[in-house]
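Here is a short report on aromatic pairs, strand pairing and nonpolar cores. Keep the sequence and the model in view as you read.

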Amino acid sequence: QIKTPYFMPWLYSTWEIVYNPDKIKDAPTSFAELWNPKHAGRVGVTNQHYTDYIQMASLVATGKLHDFEAAKKKLLELKAVNKPKVYESHQQIAVGFKDGEVWIACNYRARILQFQADGLPVNVSFPKEGAALQTFGAVIPKRAPNKADAYTYLNALLDPKGLAELCQANFYSPASNKVTLPGAVGAKITLSAEQRKKLIAPDLDYLSKNTAAQLEWWGKSFV
């Protein structure tokens with residue numbers, strides 16, 4: 001499901017809804033909840049994740065991940081309706097949740113679980129629209145001077161025992177299906193079979209050609 005021709009997947013996470021259960025009693029089931037006027041002034045976005053928010057808005061508007069024109073209209077609607085608070089990074093929006101400035105936003109499941117572990121009042125909710133994948137991995141350059149050791153390194157990254165221990169510490173999902181995540185932490189990280197059917201892999205070719213335009217629009221028209 002997360003195979004890619006560009007590199008060897010190692011860890012992944014999914015773009016989902018993060019919310020404060022003390023302020024929002026019913027778990028949001030859709031990204032569209034960010035547009036709910038009752039959350040005006042309490043929606044958060046991060047500049048660091050402009051591409052992810054654009055993809056999210058595209059999903060809400062069209063059910064597709066990469067309709068930039070539809071996403072722009074939807075995000076301007078969000079700006080007009082709920083006046084989202086803009087943060088630079090994971091760390092800054094975490095403070096926003098801690099201080100009660102933000103009640104709902106989006107982030108990677110791994111980060112949301114890290115926030116929980118740090119004591120922040122947040123829960124994660126899988127959106128009915130589906131969740132975009134964010135995959136991390138490694139590659140051996142074509143002209144690498146020591147390919148034998150490079151393969152040793154890649155094999156070590158995928159070692160089931162080491163990868164299981166790492167994922168239980170950082171809350172990311174392992175790219176290898178040989179890895180089992182036990183216990184309460186494993187239950188939080190592991191997606192259900194139904195959720196896995198709704199994972200959406202971004203088109204990396206599309207992103208490579210459009211990221212600059214998206215960043216320019218985000219900086220000039222949204223924030």
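## Strand pairing

Two strands pair if DSSP finds at least two bridges between them. The model is predicted. In it, strand E6 (residues 131-138) pairs with E8 (residues 199-200) through 2 bridges, and the two run parallel. Alanine 132 has isoleucine 200 as its bridge partner in E8.

E6 also pairs with strand E1 (residues 8-19). Here the strands run antiparallel, joined by 6 bridges. Leucine 11 has its bridge partner in E6: phenylalanine 136.

## Phenylalanine 136 and tyrosine 172

Phenylalanine 136 also takes part in a ring pair, with tyrosine 172. The structure holds 7 aromatic pairs. In this one the ring centres are 5.6 Å apart and the planes stand at 90°, so the pair is edge-to-face. The cut-off for edge-to-face is over 60 degrees.

The pair links distant parts of the chain, 36 residues apart. Phenylalanine 136 belongs to strand E6, while tyrosine 172 sits in the loop between helix H6 (160-170) and strand E7 (173-174). Are the two residues buried or exposed? Tyrosine 172 has a relative accessibility of 11%, so it counts as buried. Phenylalanine 136 has a relative accessible area of 34%, so it is partly exposed.

## Ring cluster and charges over rings

Ring pairs also build a cluster. Its members are Trp15, Tyr53, Phe68, Tyr108, Trp217, Trp218 and Phe222.

Which residue lies over the face of phenylalanine 68? It is lysine 72, at 4.7 Å from the ring centre. Another lysine does likewise at a tryptophan: the charged end of lysine 74 sits over the ring of tryptophan 35, 5.5 Å from its centre.

## Nonpolar cores

The largest nonpolar core has 41 residues. Trp15, Leu34, Tyr53, Met56, Leu75 and Trp218 touch the most other members. Several elements give two or more residues to this core: E1, helix H1 (50-62), helix H2 (68-82), helix H3 (90-98), strand E4 (104-108), helix H4 (109-117) and helix H9 (204-222). H1 gives the most, with 6 residues.

Tryptophan 218 belongs to both the ring cluster and this core. Leaving out residues up to four places away in sequence, tryptophan 218 touches Val45, Thr46, Asn47, Tyr50, Tyr53, Ile54, Leu75 and Val223. Another core, of 11 residues, lies apart from the largest one. Among its members are Leu11, Leu163, Cys167 and Val179. Leucine 11 is the residue bridged to phenylalanine 136.

Methods:
Residues numbered from 1 in each chain as written. Predicted model: local features only at pLDDT ≥ 70, side-chain atom pairs only at ≥ 80, totals over all residues. Heavy atoms only, no water. Phe/Tyr/Trp six-rings, centres within 6.5 Å; stacked < 30°, edge-to-face > 60°. Helix = DSSP H or I, 4+ residues; strand = E, 2+ residues; numbered from the N terminus. Buried < 20%, exposed > 50% of the residue type's maximum accessible area, 1.4 Å probe, protein only. Lys NZ or Arg CZ within 6 Å of the ring centre and 35° of its normal. Core = buried A, V, L, I, M, F, W, Y, C linked by side-chain atoms within 4.5 Å. Contact = heavy atoms within 4.5 Å.
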